[in-house]
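Take a look at the sequence and the fold below. This report starts with single residues and then moves out to the whole chain.

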Amino acid sequence: MTLINELLGIKYPLIQGAMAKISTSELVSAVSEAGGLGVIASGGMTTDQVRDEIRKTKQFTDKPFAVNVMLMMENRDEIIDVVIEEGVKIITSGAGTPKPYMKRLKENDVIVMPVVPNVKIALKMQDLGADAVIVEGMEAGGHIGEVCTMPLVAAATKALSIPVIAAGGLSDGRSLAAALALGAKGVQMGTVYLSTEECPVSAPYKQEIINGNETSTVVTGRNNGAPVRNIRNVMTTKYLELERQDVSRDELEELTIGSLYRAVKEGDMVNGSVMAGQIIGTINEIKTVQQLHDEIIQQYRVLTLPKI
């Protein structure tokens with residue numbers, strides 16, 4: 001039992017990362033039912049869609065779950081309203097500061113856990129009154145920072161007094177043990193859930209995760225300050241080529257418009273955005289979320305560390 005289990009009311013210190021167009025009620029409820037914390041990804045959703053996903057999740061589980069609020073979204077105010085109106089008691093946040101909403105969230109007993117890429121921002125979140133922080137290393141899939149997970153977690157747990165949750169490049173009981181050894185109180189994982197039966201991504205997407213290894217991903221968008229980790233394909237190769245030519249951001253965005261939908265829903269592994277972290281080399285089969293959690297906890301509990 002860690003501080004995160006107690007804070008969130010969950011059985012295991014396992015948090016499912018918020019993945020746009022992926023982390024919906026089907027996956028979220030399965031994670032919560034299996035003892036972790038499922039997180040609805042509100043990024044790209046309308047306010048009504050967020051409300052609908054919350055209500056559907058409640059139909060599938062009575063366990064705690066969270067909503068991730070992307071604070072760069074135009075409807076962020078309305079999403080915060082929906083979270084409070086629907087009685088969701090946990091949020092994670094990213095792409096901005098939750099400062100304008102903290103007073104209202106805390107008045108409604110909402111636990112706030114920002115996702116941050118470095119210790120400087122983590123300390124700011126602590127000062128704002130965040131209950132915990134999720135520090136995400138650059139090994140993660142999707143939008144990333146520039147610091148690797150191990151040094152980030154080590155520095156964050158040394159600097160902060162609130163609980164730290166490790167994220168980025170984590171997938172199993174060994175990952176959990178490493179994170180806790182560094183002082184974290186739990187882990188957030190995303191990529192490993194892509195290969196679960198309950199994950200609503202296309203079959204080709206799941207197969208790409210299983211087929212991949214630690215060198216299968218590339219990072220696009222570094223030139224424009226918005227780095228994203230994807231599995232290498234025709235689209236990413238073309239994107240990186242255009243980046244080297246120093247084309248405009250608008251031209252680059254034209255290449256990626258609708259690309260995540262193409263991968264997630266249509267199974268386009270050639271021109272779709274197949275977001276995944278470097279940990280895919282440890283993932284080699286499709287299993288249920290319950291099987292995944294059972295294996296993580298079992299591996300953690302029987303882990304024997306070498307004597308030195």
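Lys106 is in contact with Ile111, Val112 and Asp131, leaving aside its neighbours within four places in sequence. The model behind these contacts is a predicted one. Lys106 lies in helix α5, which spans residues 102-107. Is Lys106 buried, partly exposed or exposed? Its relative accessible area is 31%, so Lys106 counts as partly exposed. Now compare positions along the chain. Lys106 and Gly168 are 62 residues apart in sequence, and their C-alpha atoms are 28 Å apart in space.

Next comes Gln126. Helix α6, residues 119-128, holds this residue. Gln126 touches Leu160, Ser161 and Ile162, not counting residues up to four places away in sequence. Its relative accessible area is 19%. Buried means under 20%, so Gln126 is buried.

Leu152 sits in helix α7, residues 149-159. At a relative accessible area of 3%, Leu152 is buried. Which residues does Leu152 contact, leaving aside its neighbours within four places in sequence? They are Pro117, Asn118, Val119, Val135, Glu136, Gly137 and Val147. Pro114 is 38 residues from Leu152 in sequence. In space, the two are 15 Å apart, C-alpha to C-alpha.

Ala226 takes us to a loop. This loop runs between β10 (217-220) and β11 (228-231). Ala226 touches Thr220, Gly221 and Arg249, not counting residues up to four places away in sequence. Its relative accessibility is 25%, so Ala226 counts as partly exposed. Ile144 and Ala226 are 82 residues apart in sequence, yet their C-alpha atoms are 8.0 Å apart in space.

| Residue | Relative accessible area | Class |
|---|---|---|
| Lys106 | 31% | partly exposed |
| Gln126 | 19% | buried |
| Leu152 | 3% | buried |
| Ala226 | 25% | partly exposed |

Now for the interior. In soluble globular proteins, nonpolar side chains tend to be buried together. How many residues does the largest nonpolar core have here? It has 49, and those with the most contacts inside it are Leu14, Ile22, Tyr193 and Tyr205. Helix α13, residues 289-302, gives the most to this core, with four residues. A second, separate core has 22 residues, including Met45, Met73, Val82 and Tyr101.

Not counting residues up to four places away in sequence, Leu14 touches Gly36, Leu37, Leu176, Val187, Met189, Tyr193, His293, Ile296 and Ile297.

What about the chain as a whole? It has 13 helices and 11 strands. Of its 308 residues, 55% count as buried. Residues 24 or more positions apart account for 62% of them.

The overall dimensions come next. The C-alpha atoms fill a box of roughly 50 × 50 × 40 Å along the principal axes. Why compare the chain with a compact globule? With 308 residues, such a globule would have a radius of gyration near 19 Å; the chain has 18 Å, so the two agree.

Finally, the surface and the charges. The accessible surface of the chain comes to about 14000 Å². Carbon and sulfur atoms hold 51% of that area. The chain carries 30 positive and 37 negative charges, and their mean positions are 5 Å apart.

Key. Residues numbered from 1 in each chain as written. Predicted model: local features only at pLDDT ≥ 70, side-chain atom pairs only at ≥ 80, totals over all residues. Heavy atoms only, no water. Core = buried A, V, L, I, M, F, W, Y, C linked by side-chain atoms within 4.5 Å. Buried < 20%, exposed > 50% of the residue type's maximum accessible area, 1.4 Å probe, protein only. Helix = DSSP H or I, 4+ residues; strand = E, 2+ residues; numbered from the N terminus. Contact = heavy atoms within 4.5 Å. Rg over C-alpha atoms; globule rule 2.2 N^0.38 Å. Areas by Shrake-Rupley, 256 points an atom, 1.4 Å probe, with all protein chains shown as cover. Lys, Arg positive; Asp, Glu negative; His and termini not counted. Charge placed at Lys NZ, Arg CZ, Asp CG, Glu CD.
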